[in-house]
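Please open the structure in your viewer and keep the selection panel at hand.

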Amino acid sequence: MGFAANLFSTGTLSQILVGLSRTTILFIVSSGMSLILGVLRIPNVAHGSLYMIGAFAAWSVIGFLGGGLFAFLAAMIVAPMIVAAVGFVLERGFFSYLYEREHLMLLLLTFAFMLILGDLVKIVWGPEYRSVTVPDFFRGSAEIFGLPLPWYNLFLLLVGPCIAVFLWLVINRTNLGKIARAAAVDGEMVGAVGIDTGWVFAFTFVLGSFLAGLGGALIAPMVNISIGMDHSLIMETFLIVIIGGLGNMWGALLGSLIFGLTQSLGILVWPQFGIAFPYLAVVAVLVVRPRGLLSSTW
Amino acid sequence: MRRSAAPLLLFLLPAALLALPHVLPRFHTYVAAIVLLTGLLATSLNLAIGYTGLYQFGHAVFYGVGAYGTALMLTRSGMPAPVAFLVGPLAAAALSLVMGVICIRLSKLYFGMLQISLGSLVWAVVYRWYSFTGGDDGIHGIPVPDAISSPKGSYYFTLAVTALCVFAMYRIVRSPFGKVIQGIRDNPVRAAAIGVDVKSHQLTALVIAGFFGGVAGSLFVVVENSVFPDMMFWTFSLEVLIMCLLGGMYTFFGPIVGASAIVLLRVFASIHTRYWGLILGTILTLVIIFLPDGVLGVFIRRARPKEPADA
């Protein structure tokens, strides 16, 4: 069959590498969601909106600083911080009063925020497409096994593991991380031993939002920044944390790998219906392991 | 409220609904038909989420499959129209059964997310299969039988079918089967302990909900003469869920009230502003924070303070 021939052609490897760099973005965004799901137990549909705001904010920051490598790198830090600030307002203003509500209500509330934030983005940045050019520093391609891979994709492949290590350090080596992990297992008990869980929850939500914003900022040079870029991403992110195991950081990594790779290989194998493959993978995983691949904190 | 106002409402409402196309201009008749079929859609979703307690997050898929089933039969097969109107809902019911069998083992949020995932799969296929479903353009100018193709005709057809389906669902909810699924919703462990086959009852409820969701989709074809993939996108599923929540999930007629409110508001808002999401989001936020039982749910609780609101 032509499918098999496609699969073993020389393009496969570079397709996998490009898929992996996309996986990086998925991982960064879904690790933020996983953190929020694990500790705060909020199925945050507005997480995708935060990602979208990250992309738009990166565009603004780069425009404000006039482009170039410095402006680009600054945007990668400032844009996520803007998003983190939005997250802080959401958590302190709304969620902190509503943690006791059932998950269905929280999900619908975050959906409401998704609708509101979507329109606010439209009001602030307008309905047009925006695009960010890759700074000269990342122009061109590297040669990997004789195949070209854009430098920016290579950069993303390096950023992913750095974020993973950073998160591992925060969660396992800092007091805050330890408290957050304890709160994920039994928030009431953490409160009972005299720790103010409110600020731990706020910190977790802000960190999760930061990661969503970082994902959005990092993808900015690769896509058209547009209203609605949150709609498909949020679904992907949700499915990733579900197949990985709710609230499990490594599950988010594993889920992103499965999702990103089936997506890029699926398009290679069957261009028309390639977008269906990751969903099939999710179904397969959940049929075999209904609660996700790795242990869930739920 | 139910006891005092019911007889009056029972007489006035059908009279108003029947007179409507003779009083209102064409566009408003069309909006009224959309309100009716969306009310049917929300009620069918409520059967799964409010009465059975299953997190049916992908309900729009059954609506869409019902619509596409009917649309494809009308445009591509030489079969008579009544067959097309049966095929749509039956396809939705069949899909509901298949998805139900896969999802039913999971609980709550996992159930909902797997259902959204499967729904997205269906959506992705419909969205990309240009040669069969028309892809992202959808199908337009679907030929509908002459008797129900005029605005008035389509309105009365929608009214009749909606009334029939809502009545059927009302009977189902009031039947022994309806009591059992509510028992499962309130306490699945206890229901299982007294010998109820929980899974098969849940599955049956899902199939019924999917079927009536499909009927709503078929009606959409009659009213709109077109179908498009966005009607089964997951955001619309959640919007229907909002209608249920707004009206009151543990009431029978609440979702119809919620659907009417949202459809009318949307039509009204679209004339004045581009920011529909901002409006809907704000309303939803306020409802969730202040009225978690929905608008009708609050009324019923006020009227009967001691009983749990299950009417």
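Begin by selecting helix α2 of chain B, residues 26-51, together with α11(B), residues 234-247, in this predicted model. The axes of α2(B) and α11(B) come within 9 Å and cross at roughly 80°. Because of that angle, α2(B) is roughly perpendicular to α11(B). Two packed helices are described in just these terms, by the angle between their axes and the distance between the axes.

Which residues of α2(B) meet α11(B)? Show the side chains of Leu41(B), Ala42(B), Leu45(B), Asn46(B), Ile49(B) and Gly50(B) in α2(B). Their partners in α11(B) are Val240(B), Leu241(B), Met243(B) and Cys244(B). By class, this contact of α2(B) with α11(B) comprises eight nonpolar residues, two polar ones and no charged ones.

Next, select Leu37(B). Apart from its neighbours within four places in sequence, Leu37(B) is in contact with Thr158(B), Thr162(B), Ala216(B), Leu219(B), Phe220(B) and Val223(B). Leu37(B) also belongs to the largest nonpolar core, which has 199 residues. The residues with the most contacts inside that core are Leu37(B), Ala55(A), Ala58(A), Val83(A) and Leu108(A).

Now display both chains and turn to the place where they touch. Here 33 residues of chain B are in contact with 30 residues of chain A. On the chain B side, the elements that give two or more residues are α5 (108-128), α11 (234-247) and α13 (276-290). Of these, α5(B) gives the most, with 13 residues. The residues on this side of chain B divide into 23 nonpolar, seven polar and three charged.

Select α5(B) by itself. How far does α5(B) reach from its first C-alpha to its last? The helix has 21 residues and reaches 30 Å, close to the 30 Å expected at 1.5 Å a residue. It is mostly covered, since 18 of the 21 residues of α5(B) are buried.

For the last stop, move to chain A and select Asp119(A), which is found in helix α5 of that chain, residues 103-125. Is Asp119(A) buried or exposed? Asp119(A) counts as buried because it has 21 C-beta neighbours inside 10 Å, and the cut-off for a buried residue is 20 or more. Leaving out residues up to four places away in sequence, Asp119(A) touches Tyr275(B), Gly277(B) and Leu278(B).

How values were computed: Residues are numbered from 1 along each chain as its sequence is written. Chains are lettered from A and ligands numbered from 1 in the order in which they are written. This is a predicted model: local features need pLDDT of at least 70, side-chain atom pairs count only at pLDDT 80 or more; totals for chains, interfaces and linings use all residues. Two residues are in contact if their C-beta atoms, placed from the backbone, lie within 7 Å. Helices (H or I, at least four residues) and strands (E, at least two) are DSSP runs, numbered from the N terminus. Ala, Val, Leu, Ile, Met, Phe, Trp, Tyr, Cys and Pro count as nonpolar, Asp, Glu, Lys and Arg as charged, and the others, Gly among them, as polar. A nonpolar core is a set of buried Ala, Val, Leu, Ile, Met, Phe, Trp, Tyr and Cys residues joined through C-beta atoms within 7 Å. A residue is buried if 20 or more other C-beta atoms lie within 10 Å of its own, exposed if 12 or fewer, and partly exposed in between; C-beta atoms are placed from the backbone. Axes are lines fitted to C-alpha atoms, for helices over the stretch in contact, and angles run from 0 to 180 degrees between N-to-C directions. Angles under 35 degrees count as roughly parallel, over 145 as roughly antiparallel, 65 to 115 as roughly perpendicular and the rest as oblique. The expected span of a helix is 1.5 Å times one less than its number of residues.
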